[in-house]
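Please read it alongside the sequence and the coordinates.

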Amino acid sequence: MKTDRYSSLEKIIKSNMFSSIFILVDENSHRFCLDVFIKKTKISDYNEIKIISGEENKNINTCIEIWDKLNYFKADRNSLLINLGGGVLTDIGGFAASTYLRGIRFVNVPTTLLGMVDASHGGKTGVDFKSLKNQIGVFSEPLEVVLDSDYLKTLSKEEFINGYAEVVKHSLLTNKLELSFDSLSKLDINKDVDFIIENYSEIKNEIVSSDKYESNKRKILNFGHTIGHAIESYSHISDSFKPLRHGESIVIGILTELYISHKMLGFSLHDLKTIKKHLLNYFIKIKFNGEDLDKIYDLLIYDKKNDGNRVNFVLLKKIGEPIIDQEIDKDLFIDSFTFYEK
Ligand SMILES: NC(=O)c1ccc[n+]([C@@H]2O[C@H](COP(=O)([O-])OP(=O)(O)OC[C@H]3O[C@@H](n4cnc5c(N)ncnc54)[C@H](O)[C@@H]3O)[C@@H](O)[C@H]2O)c1
């Protein structure tokens with residue numbers, strides 16, 4: 001898999017190696033991104049497949065709609081699916097492509113910041129199942145990832161900021177000084193967006209290339225996501241909560257897991273407070289009651305990254321030094337929310 005701004009995609013399309021081309025969009029990427037993509041690639045012969053946006057539609061029913069359309073248009077093993085959209089669309093499009101006829105090739109063209117720095121890379125594809133995030137899926141690499149910040153011009157401010165959560169996560173995992181959290185916090189996230197996309201997506205690509213199937217090193221990318229995913233799932237099933245975006249949930253995951261890191265591994269309290277202040281400039285604080293926390297904790301137990309009843313966390317000893325497979329107890333989990341809400 002290569003990351004590219006159109007040139008490789010143009011080359012493979014011109015080489016006529018595909019019998020047919022499909023472009024998967026949702027209503028927003030159809031409205032805001034499709035014309036731009038067509039103008040830039042000059043693809044003329046394609047069928048469009050349109051799905052409805054939203055995490056609540058990242059499920060097997062939407063997948064069936066995609067398979068249905070591929071079937072209707074007689075897609076074969078040499079067809080190509082181009083996923084033009086945010087992380088929901090590239091996750092589900094990658095999964096639909098990888099399972100249709102035992103796998104057709106696909107290209108990701110992410111149109112959200114979150115997609116550009118994270119979701120479109122690394123080969124994790126899939127859908128949510130019942131109340132669990134990404135419970136059904138396969139590892140499958142896109143042929144190409146086309147990065148183009150022009151698509152961000154139409155993205156709402158909230159969705160743009162949503163992607164910043166994963167950028168901060170990558171900055172906390174790297175030991176490259178020039179990309180560390182300290183360096184990131186000095187950047188202007190609007191003016192420096194091309195630098196951010198290019199470099200912070202590369203942190204993920206480097207980690208993934210050494211451990212494609214998450215047997216070891218890749219697990220560090222789950223930092224912030226053990227609690228974050230449980231919060232995101234809970235916000236989608238609870239009546240007392242508005243559904244939280246992925247990034248909004250991950251920020252809470254990052255801050256609570258950093259607090260746990262402080263208590264268990266001595267992560268610097270000074271750094272913890274600096275990171276909290278920085279993130280809360282961009283993300284509003286959410287309130288949780290005791291019942292919420294019990295239910296979120298129960299969801300953690302079902303998270304697929306855990307062995308049996310153990311909840312495995314990635315914690316940080318310091319910035320750039322993640323430690324995998326850490327077990328925590330429920331009291332510390334509760335305390336971490338007290339710290340977050342303070
Ligand atoms: N596979 C992975 O490794 C990985 C990593 C991180 C996150 N994810 C997944 O990514 C998903 C979140 O992705 P997301 O935040 O991009 O959400 P999203 O795909 O839901 O996009 C957010 C919203 O923006 C709209 N949109 C997309 N591009 C637009 C544009 N250019 N202009 C205007 N509107 C546009 C979409 O239609 C949607 O309404 C979650 O499901 C998460 O699990 C996957």
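## Domain arrangement

In this predicted model, the C-alpha centres of domain 1 and domain 2 lie 26 Å apart, and the domain assignment of the protein chain places domain 1 at residues 2–154 and domain 2 at residues 160–341. The contact draws on 21 residues from domain 1 and 33 residues from domain 2.

Between them, domain 1 and domain 2 bury about 2300 Å², of which 61% is on carbon and sulfur atoms. On the side of domain 1, L113, V117 and K133 supply 25% of the area that this domain buries against domain 2, which is more than any other three residues supply.

## Position and surroundings of the ligand

The ligand lies between the two domains, because domain 1 (2–154) and domain 2 (160–341) both give residues to the shell around it. That shell consists of 27 residues, the closest being D26, E55, T112, K133 and T154, and by class it has seven nonpolar, 10 polar and 10 charged residues.

Several secondary-structure elements each supply at least two residues of the shell around the ligand, namely the helices α2 (27–32), α5 (87–99), α6 (113–119) and α7 (157–173), together with the strand β7 (132–139).

An N or O atom in the side chain of E55 is 2.5 Å from an oxygen atom of the ligand, while for the side chain of N162 the corresponding distance from an N or O atom to a ligand oxygen atom is 2.9 Å. In K204, a polar side-chain atom lies 3.0 Å from an oxygen atom of the ligand. Of the 870 Å² of accessible area that the ligand has on its own, the protein covers 90%.

Definitions and conventions
Residues numbered from 1 in each chain as written. Predicted model: local features only at pLDDT ≥ 70, side-chain atom pairs only at ≥ 80, totals over all residues. Heavy atoms only, no water. Near = heavy atom within 4 Å. Polar contact = N/O pair within 3.5 Å; in protein donor to acceptor, adjacent residues only side chain to side chain. Areas by Shrake-Rupley, 256 points an atom, 1.4 Å probe, with all protein chains shown as cover. Helix = DSSP H or I, 4+ residues; strand = E, 2+ residues; numbered from the N terminus. Nonpolar A, V, L, I, M, F, W, Y, C, P; charged D, E, K, R; others polar. Domains from an automatic or database assignment. Contact = heavy atoms within 4.5 Å. Buried area = accessible area lost by both parts, 1.4 Å probe.
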